[in-house]
Amino acid sequence: MSGTVRVVVVGGGYAGVMAANRAAGGTPGTAPVEVVLLDPGTQFTERIRLHQVGAGGRNTAGVDWAEVLHPQVRRMQARALSIDSGNRRIRGDHGSVRFDWLVYAVGSGEQPTALLSVTNRAAAGSTREAIAGLAPGSAVTVAGAGPTGVEVASALAVARPDLLITIVAPSGLAHPVTGRHAVARRLQHLKISVEEGVVDPVTGTITSGGHSRPSAAATIWTAGLAVPSLASDSGLPVDGDGRLLVDATLTVPGHERIIGAGDAVCVTGAAGAHLRASCAAAIPMGAHAADTVLARLSGVAPSAIDIGYLAQCLDLGAGRGHLQLVHPDDAPRVVALSGRSAGWAKEQICRMTVAWLAREARRPGSFRGPTGPAVPVG
Ligand SMILES: Cc1cc2nc3c(=O)[nH]c(=O)nc-3n(C[C@H](O)[C@H](O)[C@H](O)COP(=O)(O)OP(=O)(O)OC[C@H]3O[C@@H](n4cnc5c(N)ncnc54)[C@H](O)[C@@H]3O)c2cc1C
């Protein structure tokens, strides 16, 4: 090995880009750090805006890599296929790469489906085309009443008020959206129906009240969480959903050189018990993953993550939203905002996520979250 230490980050989403930028700063007095980022995308994806793209209200959620990435991070446009932890090599679809330290940040998608979705740029683009081809008066089903389902339906109702939109979920709006009544009023205003039922992920057939009916003209699937199988395919420890298991320092037990961050990992123990798959957690986790690597390079014991939430935000279309303040453990506080003020706050948060990555690219080590170390919103 040369005097340079190579950190390979797999996955260039919110967690991976934050980790790559922070690691690129290195640590004074230790070996220089070379950072390689593996991601198949031609641009960084602002995933939290994909519902707007899928609905047709926004042209793109792509951001040029140069805007968010430290200039010394070497980007490889490639998909990792397997990780050989013993020999410290990653095999990708364009060759293989050696690592001294690996940050695993491959993100997530919805559960597999043959239906439309907004889980990544390609899926959101296909959804956008399908929606554009619908005749006025066509029925659209949004499967799932979580934040993504509610945001997709709202964006669609604003972009195409001529469509008949129904959100279908087993418990209606009951789970997991906070501010249920305010959100329900907004959906009613947008003429979006909410129905208790189950959507078949292959055919789109709807079963409700003991009866089945054929799929709508278009069905957008937003339910469930699925992560890439890269960790389990590589023989690394995973939970029942295939998420890479990491401890409170974000290190894989028994694999000190492999660190994980973002939706694709499960933080075991109390430090991670409240974390949900979110950009709000992915960004500080990415920063912490880099800090763990840099601490070990300096011979210092890495610290445990301490991530607390501030708010949950929903984009309810046309500049309106719902913002629920939460305790650090994500439990709702009594204060919530609705309407235009919440829509404005939500837009600032979306901008802030990209701004944090860009600032970390210019000044590695600068990310502290809005109110102190690793305190996210969103
Ligand atoms: C429509 C929508 C709205 C959302 N709104 C919000 C919100 O308001 N607030 C919030 O907190 N969260 C929101 N989320 C969730 C949020 O987007 C995710 O939690 C967040 O993107 C997770 O970040 P990540 O870095 O872990 O993964 P991702 O952002 O998913 O990035 C993972 C990256 O890894 C790459 N990758 C995957 N496999 C490989 C491989 N084998 N090799 C190399 N690269 C690979 C992918 O191409 C991708 O670029 C929303 C999600 C959606 C879909």
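# Close-up views of a predicted model

The C-alpha centres of domain 1 and domain 2 lie 34 Å apart. Welcome to a predicted model, in which local features need pLDDT of at least 70 and side-chain atom pairs count only at pLDDT 80 or more, while totals for chains, interfaces and linings use all residues. Residues are numbered from 1 along each chain as its sequence is written, and side-chain values use heavy atoms, with hydrogens and water left out.

**View 1. The two domains of the chain.** Domain 1 is made of residues 5–40 + 78–109 + 225–304, and domain 2 covers 121–221. These bounds come from an automatic or database domain assignment.

**View 2. Helix H1 beside helix H9.** Here you can find H1 (residues 14–24) packing with H9 (residues 339–362) at an angle of about 20 degrees, their axes 8 Å apart. That angle makes H1 roughly parallel to H9. Angles under 35 degrees count as roughly parallel, over 145 as roughly antiparallel, 65 to 115 as roughly perpendicular and the rest as oblique. The axes are lines fitted to C-alpha atoms, for helices over the stretch in contact, and the angles run from 0 to 180 degrees between N-to-C directions. Helices (H or I, at least four residues) and strands (E, at least two) are DSSP runs, numbered from the N terminus. H1 passes H9 in a left-handed crossing; a crossing is left-handed if the near helix is turned anticlockwise from the far one by less than a right angle, and right-handed if clockwise. On the H1 side, the contact is made by Tyr14, Val17, Met18, Asn21 and Arg22, and on the H9 side by Thr353, Trp356, Leu357, Glu360 and Ala361. Contact means heavy atoms within 4.5 Å. By class, this contact of H1 with H9 has six nonpolar, two polar and two charged residues. Ala, Val, Leu, Ile, Met, Phe, Trp, Tyr, Cys and Pro count as nonpolar, Asp, Glu, Lys and Arg as charged, and the others, Gly among them, as polar.

**View 3. Helix H1 beside helix H8.** The axes of H1 and H8 (residues 279–297) come within 7 Å and cross at roughly 30 degrees. This makes H1 roughly parallel to H8, and the crossing is right-handed. From H1, look for Tyr14, Ala15, Met18, Ala19, Arg22 and Ala23; they meet Cys279, Ala282, Ile283, Gly286, Ala287, Ala290, Asp291 and Leu294 in H8. Sorted by class, the contact of H1 with H8 has eleven nonpolar, one polar and two charged residues.

**View 4. Valine 68 in helix H3.** Valine 68 sits in H3 (residues 65–68) and is buried, with a relative accessible area of 0%. Buried means under 20% relative accessible area, exposed over 50%, and partly exposed in between (1.4 Å probe, protein chains only). Leaving aside neighbours within four places in sequence, valine 68 is in contact with Val17, Asn21, Phe44, Val63, Val354, Leu357, Ala358 and Ala361. Valine 68 and glutamate 360 are 292 residues apart in sequence, yet 8.2 Å apart in space, C-alpha to C-alpha.

**View 5. Alanine 105 in a loop.** Find alanine 105 between strand E9 (101–104) and helix H4 (121–132). Alanine 105 is buried, at 6% relative accessible area. Its contacts, apart from neighbours within four places in sequence, are Val10, Gly11, Ala15, Gly16 and Ala261. One of these, glycine 16, is 89 residues from alanine 105 in sequence and 5.3 Å away in space, C-alpha to C-alpha.

**View 6. Glutamate 151 in helix H5.** Glutamate 151 belongs to H5 (residues 147–159) and counts as buried, at 9% relative accessibility. Not counting residues up to four places away in sequence, glutamate 151 touches His51, Cys313, Leu314, Asp315 and Lys346.

**View 7. Two residues with positive phi.** Most residues other than glycine have a negative phi. Lysine 191, in the loop between helix H6 (180–189) and strand E12 (193–196), has a phi near 65 degrees. Lysine 191 counts as exposed, at 70% relative accessibility. Alanine 318 has a positive phi of about 55 degrees and lies in the loop between strand E21 (311–315) and strand E22 (321–326). With a relative accessible area of 41%, alanine 318 is partly exposed.

**View 8. Serine 215 in a loop.** Serine 215 lies between strand E15 (211–213) and strand E16 (218–221), and is partly exposed at 34% relative accessible area. Beyond its neighbours within four places in sequence, serine 215 is in contact with Thr203, Gly204 and Thr205.
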